[in-house]
Amino acid sequence: MNLQNSTDDLQQLIGILSGGLRTALQELPQQHLLEIIMDVGRLPQARFSGQAVNLSADPVSPADLEQVVASVGEFSADNRAGIEGTLHRISCLRNRRGKIIGLTLRVGRAVTGTIESIRDLIERGASLLLLGRPGVGKTTRLREIARVLADEFGKRVIIIDTSNEIAGDGDIPHPAIGSARRMQVPHPERQHGVMIEAVENHMPEVIIVDEIGTAAEATAARTIAERGVQLIGTAHGNTLENLVMNPTLADLVGGVQTVTLGDDEARLRGTQKTISERKAPPTFDAVVEIVDREAVIVHPDTAGAVDKLLRGLDPGGMRRSPQGEVVFLPEEPPLQDSPQQVSPASQSGWVRIHPYALSRDTVERVIRDLRLEARTVKRPDQADFILALRSRAEDARLRRILQATQLPLYVVKKNTTAQIRRLLQNVFNILHGMPRDEVDAAVGEAEAAIRRVMEEGVTVALLPRPASMRKLQHRLAARHRLTAESVGSEPQRHLIIHPT
């Protein structure tokens, strides 16, 4: 996620703190600040991804908390408050008597460019469900989706904002949501009622809702989808499988029922007589698992993915990076061989590329301009990887080719020289302005780490690298369906690769 294209109003959040804490925060890299923690009797902390920094040698006093509480809006029934005109969220901890004894000041950012990897799903009008752990960027993406649908596509968008987290505190929504409208919810238990009210009273084309978590909200979501309204939401759970196994929320993806088959039918299917099947059409057409702030796994056909899960199969899906180049289709198994087999820059000899639904002349022109040791081939069985348009990634013919050849697939959104150039630079690990030997060293280190993670199932930390090289290493890990995250502060910031 590119924080350079973000708006965070961070000084307004820092401004409600005491002078000592403000001074300490000014000396830290604020761009990557996630939250500030203040608990009575403990040292205040600033938390970053993978790191926490103490802001003072003195523990937090009740007076420190009172200063912050006096500067924010009223805490609602879910113990959340905000700063009017910003996206920051302040949550409180209370003792048994209801007194506030701790605060979590969460930084809220409006970040543009966070939905490029799923923009095609939004454009086609699909109802979309986002899954992911807390802090991975679900709400940030909801804001961007609301702005794009309202301003770029001119749709009537209503946001159901239960905790004022999407559009900020106060009566006037934050500019991050564009011209989308916002309905506030007086109490968390009323969210499902406000969802239905939005449809009945305000004639929306799109409804956006955060944190669908109860059976009533799941029922309201189904009602909205059945009325032809595009629904964009988030739910608790990291993966589609988590959702299917959740009896409260399984209805969002069609629900699960137990069916008893006859002897002949069970024999024909090769299964037991008692099986689990999808109960109904899914509320959401597509599901997006947010792996981290860089990568997502897209299930463009929720019904098909759920059916595979219930048959004991891998639901598959497409793993997409922010650049949108790499896709793993459902038929492609996890990579088990050495990283060199899918990393053209590390192979000996010329790399062979098969363009699918792309101009072969354009691909060859980019190869010449970049002076790559590569060439195009007409037949996929002669290629080292396939290059295709994203819109054609679901073609039945291409699926059969990938299943038969087990080749990696790389995709571009448009058939343009600029997009093909950017993709091939990523595939061949080209970093402008960086010495080639340093790039090769970073690639070699990442490939060795990937091999160890896949073979031994352990987490491996890499050496500190510049941001551009960390992104390169991150892409290498993503090609193998491994999770990677950057931790630490510059200049010691480095990548950690986790097993799947």
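Start by selecting F385: this residue is buried, with a relative accessible area of 1% (buried means under 20% relative accessible area, exposed over 50% and partly exposed in between, with a 1.4 Å probe and protein chains only). You are looking at a predicted model, where local features need pLDDT of at least 70, side-chain atom pairs count only at pLDDT 80 or more, and totals for chains, interfaces and linings use all residues. Residues are numbered from 1 along each chain as its sequence is written, and side-chain values use heavy atoms, leaving out hydrogens and water.

The ring centres of F385 and Y410 lie 5.0 Å apart with planes at 75°, so the pair is edge-to-face (rings of Phe, Tyr and Trp, the last by its six-membered ring, pair if their centres lie within 6.5 Å; planes under 30 degrees apart are stacked, over 60 edge-to-face, the rest tilted). F385 sits in strand β22 (residues 385-389) and Y410 in strand β23 (residues 409-412), so the pair ties together parts 25 residues apart in sequence. Helices (H or I, at least four residues) and strands (E, at least two) are DSSP runs, numbered from the N terminus.

Now select helix α12 (residues 396-405), where L398, R399, I401 and L402 are buried. Look down the axis of α12: its buried residues fall within an arc of 160°, so they line one face of the helix (the arc is that of the directions from the helix axis to the C-beta atoms). Those buried residues pack against β20 (351-356), β22 and β23, with contact meaning heavy atoms within 4.5 Å. Turn to the face away from the buried side to find the exposed residues R400 and A404.
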